[in-house]
Amino acid sequence: MVGLLGIEDELGPKRVIHVYEPSLSLNGILVVDNVAAGPSIGGLRMATDVTLSECFRLARAMTLKNAAAGLPHGGGKSVLRADPTLPRAEKEALIRAFAGALRDVEDYIFGPDMGTDEQCMAWVKDEIGRSVGLPREVGGIPLDELGATGLGVARAVEAALPYVDFELAGARVAIQGFGAVGMHAARFLSEKGALLVAASDSSGATRDDAGLDVTALIEAKRNGQPVRDFADGRAMERDAIIAVPCDIWVPAARPDVIDLSNVDQLDTKLIVQGANIPITLEAEAHLHRKGILSLPDFIANAGGVICAAAEYAGATQQAAFDAIEEKIIQNTEAMMDRVRADQTLPRQAATEMADIRIRRAMDTRRWSIF
Ligand code: NAD
């Protein structure tokens, strides 16, 4: 069947809504992709260049991520075409108006994404009562402050250890993007004896082959210091982090940072994708051929959405963190079993796992994607 929008397939999208009100400069889109497993969860992205196709791709990525994580939620995403650095009152008015327009779309639960944060989610909750990633004061579990995604990244590494030839104690770790995901991944890995040998942020990098003091580096970064100014490390150019010899390389910054032009600079044994799509598909296949294991984003960085789903269900912080550990370890192990049995790429194995779960959920419904 050729779709009306040109993006439809057997999984979705179930619903695409354009919200447009020129008098408010309100121009947004919601894509609810697939809700067979339950109401969709996905972030609200605010940026001046967002598009329908980006919104759809992100919604589909959430369908796969939520299914792979075994959550009772489908995937959706919303985008607002606006400057995320608008004055607070204008941003609040826009987000409230957008949420209000989507009040009746009960199978979409708002979450934070690029350009939005927990404060924005509090406005959405106040407006329509349906959002995750909330401030603690209104029932939230502050996942970035606590390091939900970083915890999952670290546990994915532990689950993958039987497939690599090193121990975590003493393993050298390099982290690209020492932000919410990267710093907590460093913290949880160092708690298990790994050494952080290099870290970068948008303005530079720092390195110490004997191991950086993770607690001190986090403290310095939280005080607004770029990592390259860290007194106990050796400053480097930002992208020099790619070639740092290490056992575990964690991209936790931006999409598409590794492609065929720089993939051979990597000098590592295991890659754990903290960021979304940090490595192009061609570069991922190239790594696989070279025998370098790369754990895909939607398995390794699902800690944030697992935490958000737990928050939505009213679970405690402890229960949320237990769920992250359990689900990410199980999923990484199940994915690696498939990789070994089928000699396939980890991303392919993970996508097949998610696809099976989505189709089983669809089989339980009267209408396949409703
Ligand atoms: P963040 O803004 O807290 O941190 C990002 C860090 O990356 C910052 O320190 C920034 O300076 C640095 N950075 C930006 N460009 C860089 C570059 N080219 N080279 C090196 N460093 C660079 O963001 P975050 O919440 O840690 O998210 C990081 C990535 O992980 C994003 O792609 C995000 O979409 C993804 N992600 C985040 C979560 C989460 O729970 N926060 C969950 C899943 C995926």
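# Reading exposure, cores and spaces

Author: Glutamine 343 counts as exposed, at 65% relative accessibility. Exposed means over 50% relative accessible area, buried under 20%, and partly exposed in between, with a 1.4 Å probe and protein chains only. The model is predicted, so local features need pLDDT of at least 70 and side-chain atom pairs pLDDT 80 or more, while totals for chains, interfaces and linings use all residues. Residues are numbered from 1 along each chain as its sequence is written, and side-chain values use heavy atoms, with hydrogens and water left out.

Reader: Where does glutamine 343 lie?

Author: Glutamine 343 is in the loop between H11 and helix H12 (346-363). Helices (H or I, at least four residues) and strands (E, at least two) are DSSP runs, numbered from the N terminus. Phi of glutamine 343 is near 50°, a positive value in a residue other than glycine. Aspartate 256 also has a positive phi, near 55°, and sits in the loop between strand S10 (248-251) and strand S11 (270-272). Aspartate 256 is partly exposed, because its relative accessibility is 45%.

Reader: Which residues does the cis peptide bond join?

Author: Glycine 12 and proline 13, with omega about 5°. Proline 13 belongs to the segment before strand S1 (15-21).

Reader: How is the chain divided into domains?

Author: Domain bounds come from an automatic or database domain assignment. Here they give domain 1 (15-65 + 76-140) and domain 2 (148-303 + 331-352). Taken over C-alpha atoms, the centres of domain 1 and domain 2 are 29 Å apart.

Reader: Which residues of the largest nonpolar core touch the most other members?

Author: A nonpolar core is a set of buried Ala, Val, Leu, Ile, Met, Phe, Trp, Tyr and Cys residues joined through side-chain atoms within 4.5 Å. In the largest, which has 76 residues, Phe178, Leu196, Ile248, Leu270, Val272, Leu295 and Met335 touch the most other members. Domain 1 and domain 2 each supply at least three residues to this core. A second, separate core has 23 residues, including Leu26, Phe98, Phe110 and Ile128.

Reader: How many cavities of 30 Å³ or more does the search find?

Author: On a 1 Å grid over the protein atoms alone, a cavity is a set of points where a 1.4 Å probe fits but cannot get out; a pocket is an open set with protein on both sides within 12 Å along at least five of seven lines, and lining residues have an atom within 4 Å of a point. The search of the whole structure finds one such cavity. The largest cavity holds about 50 Å³ of space, where volume is the space filled by probe spheres set on the points, joined across faces, edges and corners. Its lining is Glu284, His288, Ile292, Ser294, Leu345, Pro346 and Arg347, with H8 and H12 each giving two or more residues.

Reader: Is glutamate 284 buried or exposed?

Author: Buried, because its relative accessible area is 6%. Glutamate 284 lies in helix H8 (residues 281-289). Its contacts, not counting residues up to four places away in sequence, are Gln273, Ile279, Ser294, Leu345 and Arg347.

Reader: Which residues lie nearest the centre of the second largest pocket?

Author: His288, Gly291, Leu293, Met336 and Val339, out of 13 lining residues. This pocket has about 230 Å³ of space. Helix H11 (residues 317-342) gives the largest share of the lining, three residues.

Methods: Contact means heavy atoms within 4.5 Å.
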